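Dear colleague,

Please find below the structure that I am handing over to you, followed by an account of what was found in it. I would be grateful if you would read the two side by side.

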Amino acid sequence: MKQQWTVEELEEFWRILPEELKILQNKSGKTRLSFVFMLKYFQLFKHFPNDQDIISPSVLSYLAQQVDVTKIFKRSNFSSSTAKVHKRQIRKFLKFKPSTKSAVAPFINWLVEKVLPEGKDSMPFLKERSYVYFQELKIEPFSHQYIERYIKSALTKFENELFQLVSYSLTKTHKKSLLKLLEFQEKQSSEIYYLRHLKQDAGNVSLESILEEIKKIKCIQEIGLQRDLFHGISHRILEKYKTRIMSERPSEIRNHTDSIKYATLAMFCYVRGQEITDNLIDLLIQVIHKIGKRSENKVNKKIITELKKVDGKKSILLNLARVAVDNPDGIIKEVIYPVVKEETLQEIIKESELTRNYKEQVYTFMRASYGSHYRRMLAPIIQTISFESNNTLHRPVLKALKVLKKYLESTSVYYPTEQHIPIKGVIKAGWQEIIVEKMDKNDKGDKQRVNRINYEIAVLKALREGLKCKEIWVNGANRYCNPDEDLPADFDQKRDEHYLALNKPKEAEKFTSKLQQEMKEALFMLNQGGPKNTKVKILAKKGGYISLSPLDEQPSPHNLEVIKKQVFEKWPTIELLDFLKETNFRTNFTSVFASTASREHLGSDQLTKRLLLCIFAYGTNTGLKRISASNPNITYEELRHIRRRYLTKTNVRAAIAEVINAILREREEKIFGGATTSIASDSKKFGVWDQNLLTEWHVRYGGRGVMIYWHIDKKSVLIFSQLKSCSSSEVSSMIEGVLRHCTDMKITKGYVDTHGQSTIGFAFSYMLGFDLLPRIKAIHQEKLYRPETGKQEEYAYLQNILTRPIRWDLIQEQYDQIVKFTTALRLGTADAESILRRFTSNNAKHPVYQALMELGKAVKTVFLCRYLHSEELRHEIQEGLNVVESSNSVNDFILYGKAGEISTNRREDQELTMLCLHLLQNSLVYINTLMLQSVLSHPQWEDKLTREDKRAITPLFYGHVNPYGLILIDFNQRLSLEKFKVANDSRIANAA
């Protein structure tokens, strides 16, 4: 039960109705309060409280006021005989029946048939759904222990039925091929691939990596699994069993029963096939880009080395013109060369020749690189991968691929003249004269011929553009699948429900009218307040220029250093591992770590110790081997077993959610303020080994690495983290984090830097119901859009930065499609990056893209008006982003192993390092929060905290933390974090 409730929440969920007061007439005192608490708790949470629940004081106070009770209890025995009588009375009042054994079988069947097929099998989620089920049937739920037992029974039943179904669908040939993957031979052929090969990640961006991934795909294709074998089975379920096979050795897989063995291997091959196909497409896109980029770099280098740039060509031309006009009959050597040297003229000619044929030179280098090296990838890609498109504009590229496939073995320079070669929609303007050549002038009819190698390059470049925006898709892929599969299949049937979930009207005119009115009000506000605003000036230079003064420095907090000093005095030095251990003692987050195996026999304490050591090893980047060396009772192999069986991304994310929710529950409003609904988002670069697909060179920061995109609340809690490549979209990462953070926090504001915002980002954030609040670097270049046509003279002060009106008709025409794509984001039918990939400049003609751009421009105009008008909003955004910068320094402090470089090429290990760092840092924040509250509970701090103190106070500090040394784990030692009690200390200071 959360501890902090707003006044609005108390009114909504805990207000006692008149008919409920009637059943309290024969009760008084603690009994009266306990009864009404159980009643309202049951109505809200759909089950009765248990003895372990920590009751919120604010809730009890609110209830006590309504029932005229003065004495408030902190805990109550909800299993006593009195409580059992109360439960009977509440059931009778609410017309609920007690749960009986006859309800067990229907309950388990309901879970198996309706809930578990969704693929969400975490215990908290299933318990919540179970309580809803019993509430709808008007049955009191079973106790927590029995609910968990029956859920486990349902999971076992569902799993067995699934394995039997999949195994039964496999032929003997399928099973034989699957078993072949488990074989081991000392002298293995490079042409035969086994399970260990399929488990390996893709290499770096190179031709060799492409050919390697193609071999893996062929290996899976040879097994012959039908595409519809897993139709109707959630991808989450398939991913779960793929993870199980990834964690098991071939000998362990062989020991399973036949149904488990064949079903899990088939699921593994299906999911890995999709992942490998996605990796192959990523490699293809980057290799094609690499060919063009390297060719451009070579031409640029050649021009720089061979060219001596001539400066002042305009003045030279002027001097030449004057001399020529003044001396029309003069001799060049006598008239021209004295004014301009012959060497200078030769340099001008050379410069012109080098730069004039730039495209041809680039294409020459591309042809040489492609023809001599990269062309080896063409045949296996075309023969292995099936490309499709739902868009007629991109069909010519597919026809061109068929032509390429037909003439793969040809050695001729040109395609036969009788062969139809698709040109329109394949070759970009400006390149056609290089690819399509005129035949000999003596030939009649002015015929043309197509250079085969040059055409292949053009087709691959067109294919790359289509794949990037998903207008061309791939059979058997996941991220590059049919874009129609990204959208909710039931949208038409549940349209009303989806509109209601987004809180948007069904009528497009209502939607646009509301936004248009918001634009008018925002523009009016800025136009009226602009002349009086000394920090913002609208200038006429450069076609409209916004001049924005820097923010004033905020008042410094008076007591912050004193508070930190008291914390450091009370807890001088604490091992970093102790923060993690104490957090687990208080939150029990290790309870969410479920094994990928069907059963485990490890004791609870032993499992917890090893889990904490594994999390610490990954979160600090020190490694399992070094951690095991510090703990003689725990071996390296035992830690590796825990890593394989328990340390999965799903489990660590669930543990992170447990800690975050604990922090949000424990925070005291008088110190940290009310429940936060805003987060700041930004990325940080980490060095990583580079023989993998994700690692890239970072243009801004330099060096190879990956980006970790953090979402952090204003009081320093890391809400969500994502591992991304350096060139990936920060906008999609921002949206993904807001939607998938898996905590109790409701996000209404998102602070981002310039790279975290875009016009499309503004559109989707508005549709999803949260404010995108960026700090825009090039604010002087921004323009405001007009809300309507025909009123050019309106908003006189803003005329210099106003541009065209918004095209509301485009938004109205595509409104239903916009809602459909937004629903896909909300439901997670595809990740944000896959959906936003469709809406880039590569796909500018897409009608939904055009409508989203108009919507984003309207929303951004409203934001810019607010941003320029309100200095308070600018301070708010700056403060939020400053928290991210502070968090980055703590990342470096915790991830100290191996000089902060993530020393692995395996993406799973990279993600686990990120997640364990996330969990470690939140554990530090959690314990620091309790420490601050313990210090501030002393009477000396009563009403002493100023507004500046509360604004600046943060649990993100580490001066008292020791991350190094001998890393031992001792469950017998605990941190003393109790709050101050007056009875224990007579020496109370009078002032801070």
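Helices (H or I, at least four residues) and strands (E, at least two) are DSSP runs, numbered from the N terminus. This is a predicted model, in which local features need pLDDT of at least 70 and side-chain atom pairs count only at pLDDT 80 or more, whereas totals for chains, interfaces and linings use all residues. Residues are numbered from 1 along each chain as its sequence is written, and side-chain values use heavy atoms, with hydrogens and water left out.

Overall architecture

The protein has 40 helices and 16 strands. Its C-alpha atoms fill a box of roughly 120 × 80 × 60 Å along the principal axes.

Of the 992 residues, 52% are buried. Buried means under 20% relative accessible area, exposed over 50%, and partly exposed in between (1.4 Å probe, protein chains only). The accessible surface comes to about 48,700 Å², and carbon and sulfur atoms account for 50% of that surface. These areas come from the Shrake-Rupley method with a 1.4 Å probe; for residues, only the protein chains shown count as cover.

Contact here means heavy atoms within 4.5 Å. Among contacts between residues at least 6 apart in sequence, 76% join residues at least 24 apart.

Helix α4

In helix α4 (residues 57-67), the buried residues are Val59, Leu60, Tyr62, Leu63, Ala64 and Val67. Their cover includes α1 (7-13), α2 (18-22) and α3 (29-45). Tyr62, which lies in α4, has a relative accessible area of 14% and is therefore buried. Setting aside neighbours within four places in sequence, Tyr62 is in contact with Leu10, Glu11, Trp14 and Arg15. Asp68, which follows α4, has a positive phi, near 60°.

Which residues does Lys242 contact, leaving aside its neighbours within four places in sequence? Lys242 is found in helix α12, and its partners are Phe268, Val271, Arg272 and Glu275. Its relative accessibility is 9%, so Lys242 counts as buried.

Arg244 also belongs to α12 (residues 235-247). Its relative accessibility is 3%, so Arg244 counts as buried. Not counting residues up to four places away in sequence, Arg244 touches Glu159, Phe163, Ile260, Thr264, Thr596, Ala597 and Ser598.

The packing of α33 and α37

Two packed helices are described by the angle between their axes and the distance between the axes. Helix α33 (residues 759-768) and helix α37 (residues 847-869) pack at about 80°, with their axes 7 Å apart. The axes are lines fitted to C-alpha atoms, for helices over the stretch in contact, and angles run from 0 to 180 degrees between N-to-C directions. The two helices, α33 and α37, are therefore roughly perpendicular to each other; angles under 35 degrees count as roughly parallel, over 145 as roughly antiparallel, 65 to 115 as roughly perpendicular and the rest as oblique.

On the α33 side, the contact is made by Thr759, Ile760, Phe762, Ala763, Phe764, Tyr766 and Met767. These residues meet Tyr849, Leu852, Met853, Leu855, Gly856, Lys857, Val859, Lys860 and Phe863 in α37. The residues of the contact divide into 12 nonpolar, 2 polar and 2 charged. In this grouping, Ala, Val, Leu, Ile, Met, Phe, Trp, Tyr, Cys and Pro count as nonpolar, Asp, Glu, Lys and Arg as charged, and the others, Gly among them, as polar.

Loop residues

Ser716 sits in the loop between β10 (704-713) and β11 (718-724). Although not a glycine, Ser716 has a positive phi of about 75°. Is Ser716 buried or exposed? At 4% relative accessibility, Ser716 counts as buried.

Asp943 is located in the loop between α39 (907-936) and α40 (947-952). Asp943 is likewise not a glycine and has a positive phi of about 60°. With a relative accessible area of 73%, Asp943 is exposed.

Gln781 is placed in the loop between β13 (771-774) and β14 (784-786). Its relative accessible area is 56%, so Gln781 is exposed. The C-alpha atoms of Gln781 and Leu895 are separated by 39 Å, and the two residues are 114 residues apart along the chain.

With kind regards
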